[in-house]
Amino acid sequence: MGKVLIIGCGGVAGVAIHKCCQNSDVFTEICIASRTVSKCEAVKKKLEGMTKAKITTAQVDADNTQELIALIEKEKPDVVLNLALPYQDLTIMDACLATKTNYVDTANYEPEDTAKFEYKWQWAYRERFEKAGITALLGSGFDPGVTGVFSAYALKHYFDEINYIDILDCNGGDHGYPFATNFNPEINIREVSAKGSYWEDGHWIETEPMEIKRVYNFPEVGEKDMYLLHHEELESLALNMPGIKRIRFFMTFGQSYLTHLKCLENVGMTSIEPIVYEGKEIVPLQFLKAVLPDPASLGPRTKGKTNIGCIFTGKKDGKERTVYIYNVCDHEECYKEVGSQAVAYTTGVPAMIGAAMLMTKAWDKAGVYNIEEFDPDPFMEALNEFGLPWQVSENPVMVE
Ligand code: NDP
């Protein structure tokens, strides 16, 4: 069918590339381009021979729009799948506009010098993408991503109106390290050390980091402590879910992770303010990233399961109803299949599916969209087909 250009070759990209290879009727050609081309070549070497798809590699600095334009003009992909870091979203969107190419990502733009992610920068491209006749699909990972698809699916099939959404992200996995992050440590620590917030009655309510704690008994994982965080899909779902009164996001953290994080914060290691060390400017958080385990190396040692889903409360035919839609993913099974742990897997699979939705034109409208603005049904079917089967439970235990 067509060609995808994947930018970035880290933990999430490794899974997405694997999954594109499994879906080679749709992805007949895959070009992997990243800053460190040797990583792209290693993935190509591993997967060639296991797929009908033709794999090529390229070196690119995705901070440089001109380099990206030249690469896109040379490769002529149907879809660009951005799996680099949130800092590169706008340069890649600029290059897609200049070359009239469809765009997909998994995380919204965040300026490197301010730890604040928001959709406003990417939503500002709406009219230009519409005029160019191309699509930007924002946030096609698990959260954001599948959580938005679950929301659209719940609204389409279970409710006339959804009033409350609680998004619960549980990682019951254990990698055996006292402290490590499951995806890019810099992005992860920026996210979890920020203030929390939730949407209620038309406005944001801000909390201190980790101020709100709840305990939840997750299907197939068990009881875990979880904490309220700000998360990017809250912003788009607050606009796109008619009748919504409150949306919250909770993520589980173990005590060892929180104790280490607090200590690192207290000594200044999570700061993004540059300091001068032996005559050279360094950012403490980037230095910390360099000494922490690479998330891609956690695959062989992580045991246990993730459970990510949404609890919806709303009305159907005038009656109140509650529905929980979730996926359970096993770290060891993921490693057996693609050589990665479940956090990269649960992000890489939906990234591939989002790109496939545009490639096959199952989703076909020009402009910049969040994932819940499309028909959820073909995406939900693909989740079952490509390794992230979901379950629906009526009347679940509620989060207080
Ligand atoms: P990694 O750090 O493992 O990989 C990032 C990749 O991007 C690396 O290959 C890196 O290159 C490359 N890269 C960074 N800067 C540039 C640049 N300027 N030019 C070209 N390539 C560049 O990150 P992850 O795979 O863990 O995460 C990828 C994305 O997925 C992130 O945006 C993250 O926020 C998002 N994510 C989304 C989730 C969701 O559910 N929606 C969940 C988890 C992650 P190099 O190898 O040279 O460093």
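I began with the ligand and noted that helix α1 (residues 11-22) gives the most to the shell around it, with three residues; helices here are DSSP runs of H or I of at least four residues, strands are runs of E of at least two, and both are numbered from the N terminus.

This is a predicted model, in which local features need pLDDT of at least 70 and side-chain atom pairs count only at pLDDT 80 or more, while totals for chains, interfaces and linings use all residues. Residues are numbered from 1 along each chain as its sequence is written.

Next I looked up which residues come nearest the ligand, and of the 32 around it these are Gly8, Gly10, Val12, Ala62 and Gly141, where a residue is near if its C-beta atom, placed from the backbone, lies within 6 Å. I also found that the shell draws at least three residues from each of domain 1 (2-138) and domain 2 (148-340 + 389-394), with bounds that come from an automatic or database domain assignment.

I then turned to the loop between β6 (135-138) and α7, where proline 144 has its place, and saw that the peptide bond to proline 144 from aspartate 143 is cis, with omega near 10°. In the loop between β15 (305-316) and β16 (319-330) I found aspartate 317, which has a positive phi of about 50° although it is not a glycine. I set both entries against the general rule that most residues other than glycine have a negative phi, and most peptide bonds are trans.
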